[in-house]
Amino acid sequence: MSTRRESWPWLLLLPAALVMLVAFALPVGMLLARAFTQPEPGLQNFLLLWERPVYLQILGNTVMIAAVATPVTLLLAYPVAHAMAHGNPRTRRLLTFLVLVPFWTSLLVRSFATVILLQRRGPLNTLLMNIGLIDAPLPLIYNLTGVLLGAVQTLLPFVIFPLYNSMRRIDPTLMPAALTMGASPARAFLRVYLPLSLPGLMTGATLVFISMLGYFVIPALLGGPRETMVGQLIQDQIGQLGSWGVAGALSFVLLAITAALLGLLHRLVGLKAVAR
Amino acid sequence: MISPELGPILELRGIRKHYGRHAAVDDVSLKLRHGEFLTFLGPSGSGKTTTLMMVAGLQQPDSGQIILAGKPVDRLPPYKRDIGMVFQHYALFPHMTVRRNVAFPLEMRGTPRAEAERMVTAALAMVGLPDHGDRLPRQLSGGQQQRVALARAMVYRPALLLMDEPLGALDKALREGLQLEIKRLHREQRMSVLYVTHDQSEALTMSDRIAVFDGGRIQQIGTPSDLYERPATRFVAGFVGETNFVPAELLGREGEARRALVAGVPMPVSARFLAAPGTPAVLAIRPERLRLSAPADDDGGGVPAELVDLIYLGNARRFVLRLPGGQEWSAVMQAEAAEAVMLRPGDAVRLSWNEVHATAFPA
């Protein structure tokens, strides 16, 4: 009797598990399987990735862009999350609102808007030239700068909220206490505040890095050919070339890189810190 | 151990702090002697904590001077002032063990490792936690955490130890135990201490001197008995200990034996007059200074009153009395004396007092 009573909450998890199975695990599994089966069984898709330098180069690009975007996003998010965690309730409400506003518009619309803003004769370049800061338009788009500007702004909330969540649990008297004990603000931050905010920082970094690896709208709209990312490549392979096998192999490699990096992070700081 | 020959360890001169138009601290001046235990006592919002924070350097005064160990420190950040501070909620670093917490200020000062280790061990022994060094703060009780905070604030022997309601988060029994412990540490370590509390009995128990704060100003500064026996203002009389207040009319002139009309009866008043004769005044008398007598053994004096209630306090009894004007007074007597007067609720009584125990304040 008691076992049945105890097991019923688990039954409530079943619908979600079913959705995940049908809409996520099965199709991803099938796509990954095609890497080994299409056009014919074997490892020829992986050999292709290995033989054509462009594929490896794009994989490398992808990891590199994600690796640059992550610290930039963390640095920008840190003070915002700090102000939200330790500011007065008004500041907190205002900042939460501002951080969430971008979600009200679709990623596509925001990216096109960024194109307009950053283009050669766009408002930003015009302004900078009019006030005499620059003589010729800055190349802000169709390059790494464009991709980073676009990616960082969409990823900020994913860092700000986990950071805020771990910062608001930090007792605000710890920093003053460290100061009275002879720690300069910088040392107090490095020894006391930063270690205590590490769980949020790690969660945010993981979310940003992994999301970034799979981006394709932003590099497609704001990047140049040199900023082509794996996501675009997979999209091209399926949408234009119909080669599910190569797409599957690319997805497989992307998944393997993600898993390897997560494993490394787990080794370095412990997954507990990330999950907490 | 107060050492007057060394001069003050801390001096505040005309400290002011405004928040907008509100004066949080309004012209506070005082001297704290070497080895003295000085307490800031006052209700919340009276300016006592703000003043402490300015001594720590965590807040900046708008004007005035702070002199610590002979040097002006107004422009020095907290980490360059030679202070230790204990916070109400301990402020222990949760990611460091007890030992690492206590070692932190030594590390910031560049104390050599071996010496620091030895000092940490001594500090933990001093607060009675010699075997708790490897625990994390969250594995300790509130009282133990505050002991660690004390060890951490004292381990580097700062010139001045600041404590901001350090016992406010603890329950009563623990609080009383730690009061004695802090007193012992103060005595043994010969520290100069600036202590903040809103608990008047804590202030009376622990302090060499008390500064009573209200409305951003020091109302009175003196020894516990100064404040209790000779309060300078009506606020101090009401805030430090329990007091009966009654409207009275002062008779006579300055320099004469003084009397005041209380409920129409001329009664003696302390020569330490704080209100002008002929003006409306308020008389303050402590409950334990009231004398009760039955009207039968009438000696011709005393304010008539009715005994409304008799409350059993174990070691003492509290008499709740109603005066003709309708005010309720409280008188407290030790058990033996209280039983001797043999009064019961409903009885008529007469109240009297020794003149030195009735202070008149302006109404």
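**Across the interface**

I started with the charged pair between the chains: R191(A) makes a salt bridge with E107(B), with 2.1 Å between the closest N and O atoms. The rule I used wants a side-chain nitrogen of Lys or Arg within 4 Å of a carboxyl oxygen of Asp or Glu. Between chain A and chain B that rule finds one salt bridge.

Ground rules, before I go on: this is a predicted model, so local features need pLDDT of at least 70 and side-chain atom pairs count only at pLDDT 80 or more, while totals for chains, interfaces and linings use all residues. Residues are numbered from 1 along each chain as its sequence is written, chains are lettered from A and ligands numbered from 1 in the order in which they are written, and side-chain values use heavy atoms, with hydrogens and water left out.

Next I looked up contacts, meaning heavy atoms within 4.5 Å. I get 18 residues of chain A touching 21 residues of chain B.

Then I checked the buried area, which is the accessible area (1.4 Å probe) that two parts lose on being put together, summed over both. For chain A and chain B it comes to about 1,700 Å², and carbon and sulfur atoms give 69% of that. T180(A), M181(A) and R191(A) supply 42% of what chain A buries against chain B, more than any other three residues. So R191(A) turns up in that trio as well as in the salt bridge, by the N-to-O rule.

I also looked for polar contacts (a pair of N or O atoms within 3.5 Å; within protein, one must be able to donate a hydrogen and the other to accept it, and residues adjacent in sequence count only if both atoms are side-chain atoms). Four residue pairs across the interface qualify, both residues at pLDDT 80 or more. On chain A's side, the elements giving two or more residues are α9 (174-180) and α10 (185-213). Helices (H or I, at least four residues) and strands (E, at least two) are DSSP runs here, numbered from the N terminus.

**Salt bridges elsewhere**

In chain B, D27(B) pairs with R16(B) at 3.9 Å between the closest N and O atoms. D27(B) sits in strand β2 (residues 22-33) and R16(B) in strand β1 (residues 8-19), so the pair ties together parts eleven residues apart in sequence. I checked exposure too (buried is under 20% relative accessible area, exposed over 50%, partly exposed in between; 1.4 Å probe, protein chains only). D27(B) is partly exposed at 35%, and R16(B) is partly exposed at 30%.

E188(B) and R184(B) also form a salt bridge, 3.0 Å from N to O. They are four residues apart in helix α5 (residues 172-189) of chain B, about one helical turn.

R318(B) and E242(B) meet at 2.8 Å, N to O. That one links distant parts of chain B: R318(B) is in strand β17 (residues 316-322), and E242(B) is in the loop between α8 (234-239) and β11 (244-251), 76 residues apart.

**Chain A overall**

How many helices and strands does chain A have? I find 14 helices and zero strands. Its C-alpha atoms fill a box of roughly 80 × 70 × 35 Å along the principal axes. Buried residues make up 39% of the 276 in chain A.
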